[in-house]
Amino acid sequence: MCTGLSFTNGSNHFFGRNLDLEIDYPVSVVITPRNYEFKLRHTDSIPAHHAMIGMGMIQDDYPLYFEGINEKGLGCAGLAFWTSCRYFPVQEGKTNIASFEFIPYILSRCETTAQARQELENINITNEGFSAKYAPSPLHWLIADAESSIVVESTEKGLQVHDNPYHVLTNEPDFPFHVNNLSFYCNCSNKIRDFKTTRFSKNFPGFIKFGAGMGSAGIPGGLDSISRFVRVAFSALNSVCEDTEEANVSQFFHILGSVSQTRGADQVKPDEYEITQYTCGTNTKTGRFYYTTYSNPSLCAVDLMKEDLDSDKLTDYPVLRDLQVTVQN
């Protein structure tokens with residue numbers, strides 16, 4: 001399970017996600033420069049394109065991105081979509097893209113969400129994996145720039161593209177369900193509540209105020225995707241922070257931290273527990289990619305713009321997984 005977030009505050013835009021899994025994949029921070037040739041299964045290769053950075057795995061000199069952003073400020077993240085996802089055989093007359101090709105294809109060709117939406121008009125996502133070892137993962141995708149977000153879902157109805165004014169994505173059910181579900185929390189608020197007057201009943205004498213935050217009472221606290229969607233949407237849409245790099249980085253990681261999974265809280269098999277393997281967020285204007293891992297909550301960063309972006313070779317940086325502590329005395 002996962003949570004994706006596109007977060008715009010003033011002049012800053014951050015895009016990233018929590019990766020929640022019981023499997024610890026050998027990911028690294030992967031940089032694809034402009035002249036690396038993307039070879040695609042069913043359409044022409046892309047010899048030159050926008051540079052990009054994200055978390056992923058390099059297999060047979062190919063970047064399997066879990067999420068990423070390109071140098072133009074567009075982000076794309078794939079999140080688990082186990083039940084509703086349907087991929088299809090190759091269709092003549094369509095741009096046939098395998099699911100593992102989807103993120104690099106969009107980030108290679110598009111600079112904005114609007115351009116991605118146009119590109120999606122003729123795309124068919126095919127039901128094939130990268131290799132025998134890596135079967136196709138059932139996914140849906142969050143695509144965003146600083147101005148807008150969309151969700152892409154390939155279901156039995158075909159390819160669906162949804163406007164996403166909440167800039168959040170989790171997992172099942174499909175995105176329209178999550179939108180409708182938010183209506184159940186319309187009375188929740190970040191405001192200070194007047195507990196002498198209440199909508200509970202005009203005849204009710206009033207409530208006792210036990211402390212701050214009672215306006216948000218009712219926001220769900222589970223680790224399920226429905227609860228996480230509501231909680232992150234509430235936190236992000238009510239966010240208040242200064243318009244600086246430092247403040248936005250901190251705020252972004254706090255918002256995703258509100259749905260972080262701790263080992264033992266979400267059992268998926270006997271002796272196996274889903275945890276937040278990593279959290280990442282990139283400033284889409286500067287290309288600086290930040291991340292933390294479950295074992296290393298200290299913030300780490302890789303700067304896209306410090307690389308040779310005109311190269312034709314992939315670059316990756318190992319994820320720093322060991323706990324790092326600043327000792328002050």
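Modeller: Two strands pair if DSSP finds at least two bridges between them; strands (E, at least two residues) and helices (H or I, at least four) are DSSP runs numbered from the N terminus. This is a predicted model, where local features need pLDDT of at least 70 and side-chain atom pairs 80 or more, while totals for chains, interfaces and linings use all residues. Residues count from 1 along each chain as its sequence is written, and side-chain values use heavy atoms, without hydrogens or water.

Biologist: Great, thanks! Which strands are the edges of the six-stranded open sheet?

Modeller: The antiparallel order is β13-β1-β2-β16-β17-β18. An edge strand pairs on one side only, and that describes β13 (168-169) and β18 (300-303).

Biologist: And which residue in β2 is the bridge partner of T8?

Modeller: Strands β1 (residues 2-9) and β2 (residues 12-21) run antiparallel, joined by eight bridges. Within that pairing, T8 meets H13.

Biologist: At what angle does helix α4 run to β1?

Modeller: Helix α4 (residues 225-237) lies across β1, β2 and β13, contact meaning heavy atoms within 4.5 Å. With axes fitted to C-alpha atoms (for helices, over the stretch in contact) and angles from 0 to 180 degrees between N-to-C directions, the angle to β1 is about 15°.

Biologist: Nice! And helix α5 relative to β2?

Modeller: Helix α5 (residues 245-257) lies across β1, β2, β16 (275-283) and β17 (288-293). To β2, helix α5 runs at about 30°.
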